[in-house]
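Open the model in a viewer and keep the selection panel at hand.

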Amino acid sequence: MILLEEAQKILNETSVKPKTELVNLDEAVARILAQDIISKINIPPFNKSAMDGYAVISGDPSERYKVIETIPAGKIPQEKVHPGECAKVMTGGIVPNEADRVIKRELTVEEDGQMRTTGKEKNKNVCITGEDIKKGDKVLEKAILIRPQEVGVLASMGLDKVKVFKKPKAGLISTGSELVPPGQSIKQSQIYDSNSYSLSAQVLKSGAILFDRRMVLDDPDKIKKVITEFLYSCDVLLISGGVSMGDFDYVPPILKSLGFKLHFEKVAIKPGKPTVFGTRGHKYVFGVPGNPVSAFVGFELFIRPFLCRMMGHAYEPFLISAVMKESIQRRKTQRASYIPVECREGFIKKLSYHGSAHIHALTRANALLCIPRGVREIKAGSQVHVRPI
Ligand code: AMP
Ligand code: MG
């Protein structure tokens, strides 16, 4: 058995070769940027009015100004502004070169082609060329996650395509002779296969491609056949169940017989101790225990960060700092425990949780609390960091 940190180190040091592709900006959200973005333009590209008002020359002491032209957004000014003159300009319009202030409309009256001020304008109300982004600035860095705001900034620089990392193709195999797909009736001794669905959802949410999923009996030949078939097309396989100590847990020996090197088969975490990770060249495989919370937690701790690495991104969970509302204890301390909790307004509340089969508890939880190895109790009032789910 290895420590959680050792398992994570192995995953972080496993060589991955993310490929890249060019996508339309419309398809760029939630992808990982595969290039530094250097702006080819200034933003704003011209001195731009921040207000509807009148562009004047700073220090012009006039109280009345002749209105020489009107400049809507999108129009090039035609006239020069001299002292005693102003150009009526709309928000987003070009402020003529000679002018450097805009008196907002609310502080003016316009009559017979003349503008008169009725109050003191404190602000310049001019956005200077390049004040947001200068031509040549590095605006975005390679390997960041593209969010809607990054899509916006890419568009504002005039880019309609962007280089991103390709999504890895994941194949999902649920092993278990007791499993029945949702939608069918079950007999006694059978259960519904929930992991195929929860893991698929996690794969999709992580940004990877779900190539296919298959349910397979606890039969070594059948399991081997599906794994071999999936390996043709998938970059990474996720296998649920069949990794523990039972008589019908065949997955690790099958992977070895297929030439996979297993880098770990047991990790000091709860739930999820018999989590497996193997590689064969640039094919990767994870085996997670079948209990639904184990599979879920295993995905969050190991698979999501690895899929992100396969997409060129160093995943860091956005931990939330909060205070324990009540104490939480446990008897054994050899493993790091991950417990579903509710985090609200800075406090952590315990939930009814019966262990790794209790998937319903995850639906009430919005975070996982880690009790580190060696720690028996986290006391009420102590500050912790939880991982949102
Ligand atoms: P295993 O890891 O195969 O020993 O399975 C551990 C427990 O998880 C058993 O109670 C299984 O019935 C259950 N289980 C296994 N696979 C699934 C699955 N795909 N969906 C829901 N429960 C499962
Ligand atoms: Mg099983």
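Buried here means under 20% relative accessible area, exposed over 50%, and partly exposed in between, with a 1.4 Å probe and protein chains only. This is a predicted model, in which local features need pLDDT of at least 70 and side-chain atom pairs count only at pLDDT 80 or more, while totals for chains, interfaces and linings use all residues. Residues are numbered from 1 along each chain as its sequence is written, chains are lettered from A and ligands numbered from 1 in the order in which they are written, and side-chain values use heavy atoms, without hydrogens and water.

Select Cys-370, which is partly exposed at 23% relative accessible area. Next go to Cys-308, buried at 7%. A disulfide is a pair of cysteine sulfur atoms within 2.5 Å, and the count is zero. Cys-370 is in none; the nearest cysteine sulfur, in Cys-343, is 15 Å away. For Cys-308 the closest is that of Cys-234, at 18 Å, too far for a bond.

Move to Ile-76, which is exposed, with a relative accessible area of 58%. Show Pro-96 as well: the two C-alpha atoms are separated by 8.5 Å, at 20 residues apart along the chain.

Finish at ligand 1. Glu-178, Asp-193, Ser-194, Gly-242 and Gly-290 come nearest among the 18 residues around ligand 1, counted by a heavy atom within 4 Å. A side-chain N or O atom of Glu-178 is 2.5 Å from a ligand 1 oxygen. From the backbone, a polar atom of Gly-290 is 2.7 Å from an oxygen of ligand 1, and an N or O atom of Gly-242 lies 3.0 Å from one.

How values were computed
Polar contact = N/O pair within 3.5 Å; in protein donor to acceptor, adjacent residues only side chain to side chain.
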